[in-house]
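Here's a quick student-friendly briefing on how one protein model is held together. Have a look at the sequence and the 3D view first.

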Amino acid sequence: MKKRVISGAVYTAILVGFFCLKVFVHTLFFDALIYTFAVLGTWEILRAFKDKTTKAQRVIVMAFAVLCIPVCALTEEYLSQGLLYTCVCLFALIAATVSSLVFDHERTSVESVGVSLFAAIYPTLLLCLLTLANHAPAIGELQTVAFDSNLLILFIFVVSPLADVFAFLFGISLKKVFPKKLAPKLSPNKTVVGFIGGLVGGLIAACGLYFAYGALFGSFDNMGLWLPVYLAMGLLVAAATAFGDLVESCIKRKVGIKDMGNIMPGHGGVLDRIDGVLLASMVIYLAYSIVSIALA
């Protein structure tokens, strides 16, 4: 437990430090942290899938992880074309991975191609969405809502952890009264009441962000419009965080390992720490895109 607390504190300090660099120095600093997540996370998942992929496929996936986040970040920052160039990287990955069936046909199977593509999507491609969120332009009336990239990052890295905390507290305190398991074959310790607690935590965190962000950078003139948007995003992030945990649990069960790594004592690997963040990033960027279209 002591190691877990220390690792969690160090992780939080790193997040806060890079977020401050993003806000006060340059947005690309936070991209550097995302890049670290992508490279280390890809290395972990490729190690887990080592027996299911070929060496050539692992090199291709690792090259994708090394190149894709910088390409996405730089083209979005300077050309506002990050999504386009991410798609270019993705098509290049697909072409190279499928080509391994021809150029390395004796060691390559259709199954290994699928596993390799999954290892590239999870985590790197999902982290590209976090990168795009990190560069998202402000939408709406900035004076009243301040709906910008800083807020999106806070939604991901504040709502998601708080949802986890509330899920844990609800699960521990109420599991004897409400013992029903959420997904007993994937994660026996997770309960339905814990999932509900996570949703409650998501709502509380989103509400807190609305009032804190509004007080610091805007006003509350459009509360009837924006507070429900914040609360809906809080619920979505909390649900995505819980689902991301289950996805990670399923992967580990499929490959027969307990943790993806040991870089964070008490937590495991990078993927064990950011599993909920991956899907939360997808949800937040999609929600941001929908709001952008609605206000266009």
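What follows covers ring pairs, the nonpolar core and salt bridges.

This is a predicted model, so local features need pLDDT of at least 70 and side-chain atom pairs count only at pLDDT 80 or more, while totals for chains, interfaces and linings use all residues. Residues are numbered from 1 along each chain as its sequence is written, and side-chain values use heavy atoms, with hydrogens and water left out.

**Ring pairs**

- Searching the whole structure turns up nine aromatic pairs (rings of Phe, Tyr and Trp, using its six-membered ring, with centres within 6.5 Å; planes under 30 degrees apart are stacked, over 60 edge-to-face, and the rest tilted).
- Tyr-11 and Phe-37 make a tilted pair, at 6.4 Å centre to centre with 40 degrees between the planes.
- Tyr-11 sits in helix α1 (residues 2-24) and Phe-37 in helix α2 (residues 28-48), so this pair ties together parts that are 26 residues apart in sequence. Helices here are DSSP runs (H or I, at least four residues) and strands are too (E, at least two), numbered from the N terminus.
- Tyr-11 is buried at 12% relative accessibility, and Phe-37 is buried at 8% (buried means under 20% relative accessible area, exposed over 50%, partly exposed in between, with a 1.4 Å probe and protein chains only).
- Phe-155, Tyr-210, Phe-211 and Tyr-230 are linked into a cluster by ring pairs.

**The nonpolar core**

- The largest nonpolar core has 71 residues (buried Ala, Val, Leu, Ile, Met, Phe, Trp, Tyr and Cys joined through side-chain atoms within 4.5 Å).
- Helix α9 (residues 270-295) gives the largest share of this core, 13 residues.
- Among the residues with the most contacts inside the core are Phe-37 and Leu-127.
- Leaving out residues up to four places away in sequence, Leu-127 touches Ile-34, Phe-37, Ala-38, Ile-69, Ile-274 and Leu-278 (contact means heavy atoms within 4.5 Å).

**Salt bridges**

- There are four salt bridges in the structure (a side-chain nitrogen of Lys or Arg within 4 Å of a carboxyl oxygen of Asp or Glu).
- Arg-107 pairs with Asp-104, their closest N and O atoms being 2.7 Å apart; Arg-107 is exposed at 61%, whereas Asp-104 is buried at 11%.
- Asp-245 pairs with Lys-190, the closest N and O atoms being 3.8 Å apart. Asp-245 lies in helix α8 (residues 223-255) and Lys-190 in strand β2 (residues 187-191), so the bridge ties together parts 55 residues apart in sequence.
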